Amino acid sequence: MEVYLDNAATTKPRKEVVEAMLRSLEKEYGNPSSLHRKGVEVEREIKRVRRILARALGCTEQEIIFTSGGTEANNLAIRGIIDAYKRVGNHIITSTIEHKSVLNIFGLLEKQGFDATYLEVDKKGLICIEQLKDAVNDDTVLVTLMHVNNEIGSIQPIAEAGRVIKNINNRTLFHVDGIQSFGKIRFGLKDMEIDSFSISGHKIHGPKGVGALYIKKGVRINPLLIGGSQERNIRSGTENVPGIYGLGEAVRLTMEEQDKNIEYLNELRNYAINAFKSEISGIHVISEDSDEFAPHIINIAFPGIKSEIMLHSLEQDGIYVSSGSACSSKEKEYSHVLRALNIGGDLIDSSIRFSLSYTNTKEEIDYTVEKTREHFISLKSIIGR
Ligand SMILES: Cc1ncc(COP(=O)(O)O)c(C=O)c1O
């Protein structure tokens, strides 16, 4: 049996996504900037995808910029805003549990002389609104927060954060990394006072290397790439047309099936947590069963067993999981997210992320729990000898 439970790292592209991409590669291969029919048909299709994204996010088509994925969308928003609004101030705010595509830019900006505040999180991975209130000041140019954390699934209070930020300083811009929230929890962009929001195709059964950035009308973002003026001059470069076709299908189907799939994910997640807890003693569920966590991420510590050993043991049984964030799991260091939770080295060292998709089944969960239990018992007995 093969069980893929690493859906927060990436998802399998849907059949419709692959078909749309093939259509682009085989038939509709024109350059959307070309003036002839071959270009115009592609330009029309890109417009159609932009409309799908705008409808999904509840914004206008002009507020969507296609990018090469989540990392570029975060980079474009943060660096583009800082560059365009230099005069507003020198202070920037984020949290300690952001994705590296945010944290590493903050490191660079600090070297360039920006003053950065890193909001701490509690044991559930949630920021404290009071700390945010204390942090925002007249000099704050940008706050950037993730909507859902990719390692533990905690959902930040984005709507409240937006209100607080704009109340204190309405010149401060607010970027949100929505890469793990889009399609996994319900929200309305316009209900939150945010200026930019990033999504990524491969987290929603779309293609890798394509994503989008919502930029609120009126917000200025300086480009990272200079060239042929595509994407309203904000993101030059010939469009990743097959990727955009695939993204369109992924977003369309995600929205069409959102209610059903979110409900199913919630049910599957509760089923999995109950099964792990009742079948395996001595484990610690880091992402608890509550409204504060997205339904597709379950993080469990197996004290005493290093996560890499458990990961490879499960792999032998055809079960694919992650030991923390896939983007940083090759770095031989503790996850910065788990460290920020202050939960102790043994839990951090032994944590496994099981991340779900609507394609997973209860049978797959039963098989995973059974194999995890076997490995946990046998590995502990070897270590205990
Ligand atoms: C929260 C979060 N932000 C950003 C990214 C980067 O997205 P991409 O892989 O599309 O560059 C990821 C992907 O792991 C993520 O989970």
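## Briefing: a buried tyrosine and its surroundings

At 2% relative accessibility, Tyr-245 counts as buried, and that residue is a handy way into this structure. What you have here is a predicted model. The protein chain has twelve helices and twelve strands. Its radius of gyration is 21 Å, close to the 21 Å the globule rule gives for 385 residues, so the chain is as compact as a globular protein of that length.

**The chain as a whole**

- Along the principal axes, the C-alpha atoms fill a box of roughly 70 × 55 × 35 Å.
- Of the 385 residues in the protein chain, 58% are buried.
- Take the contacts with a separation of 6 or more: 74% of them are between residues 24 or more positions apart.

- Tyr-245 sits in helix α7, which covers residues 241–256.
- Setting aside neighbours within four places in sequence, Tyr-245 is in contact with Ala-20, Arg-23, Ser-24, Glu-28, Val-42, Glu-45 and Val-49.
- Gly-206 is 39 residues away from Tyr-245 along the chain, with 9.4 Å between their C-alpha atoms.
- Helix α1 (residues 15–26) packs with α7 at an angle of about 155°, and their axes are 8 Å apart.
- Since angles over 145 degrees count as roughly antiparallel, α1 and α7 are therefore roughly antiparallel to each other.
- The two helices make a right-handed crossing.
- On the α1 side, the contact uses Glu-16, Val-17, Ala-20, Met-21, Arg-23, Ser-24 and Leu-25; α7 brings Val-241, Pro-242, Gly-243, Tyr-245, Gly-246, Glu-249, Ala-250 and Leu-253.
- By residue class, the contact of α1 with α7 divides into nine nonpolar, three polar and three charged.

**The α3/α4 pair**

- Helix α3 (residues 70–84) packs with helix α4 (residues 100–111) at an angle of about 30°, with 9 Å between the axes.
- Here the cut-off is under 35 degrees for roughly parallel, and α3 and α4 are therefore roughly parallel to each other.
- The crossing of α3 past α4 is right-handed.
- From α3, the contact involves Thr-71, Asn-74, Asn-75, Ile-78, Arg-79 and Ile-82, while α4 supplies Ser-101, Val-102, Ile-105, Phe-106, Leu-108 and Leu-109.
- The contact of α3 with α4 splits into seven nonpolar residues, four polar and one charged.

- Ser-198 belongs to strand β7 and is buried, with a relative accessible area of 0%.
- Beyond its neighbours within four places in sequence, Ser-198 is in contact with Ala-73, Asn-74, His-175, Val-176, Asp-177, Gly-178, Ile-179, Ala-212 and Leu-213.
- Asp-177 is part of strand β6 (residues 173–177), and at 4% relative accessibility it counts as buried.
- Asp-177 and Thr-144 are 33 residues apart in sequence and 7.5 Å apart in space, C-alpha to C-alpha.

**Asn-167: an exposed helix position**

- Asn-167 is in helix α6 (residues 158–168).
- With a relative accessible area of 68%, Asn-167 is exposed.
- The C-alpha atoms of Asn-167 and Val-136 are separated by 9.8 Å, and the two residues are 31 apart along the chain.

- As background, most residues other than glycine have a negative phi.
- His-205 is in the loop between β7 (196–200) and β8 (211–215), and it is buried, with a relative accessible area of 7%.
- Asn-342 also has a positive phi, near 60°, and is a residue other than glycine.
- Asn-342 is in the loop between α10 (336–340) and α11 (345–349), and at 60% relative accessibility it counts as exposed.

Note on methods:
Residues numbered from 1 in each chain as written. Predicted model: local features only at pLDDT ≥ 70, side-chain atom pairs only at ≥ 80, totals over all residues. Heavy atoms only, no water. Axes fitted to C-alpha atoms, helices over the stretch in contact; angles between N-to-C directions. Helix = DSSP H or I, 4+ residues; strand = E, 2+ residues; numbered from the N terminus. Parallel < 35°, antiparallel > 145°, perpendicular 65-115°, else oblique. Left-handed = near helix turned anticlockwise from the far one by under 90°. Contact = heavy atoms within 4.5 Å. Nonpolar A, V, L, I, M, F, W, Y, C, P; charged D, E, K, R; others polar. Buried < 20%, exposed > 50% of the residue type's maximum accessible area, 1.4 Å probe, protein only. Rg over C-alpha atoms; globule rule 2.2 N^0.38 Å.
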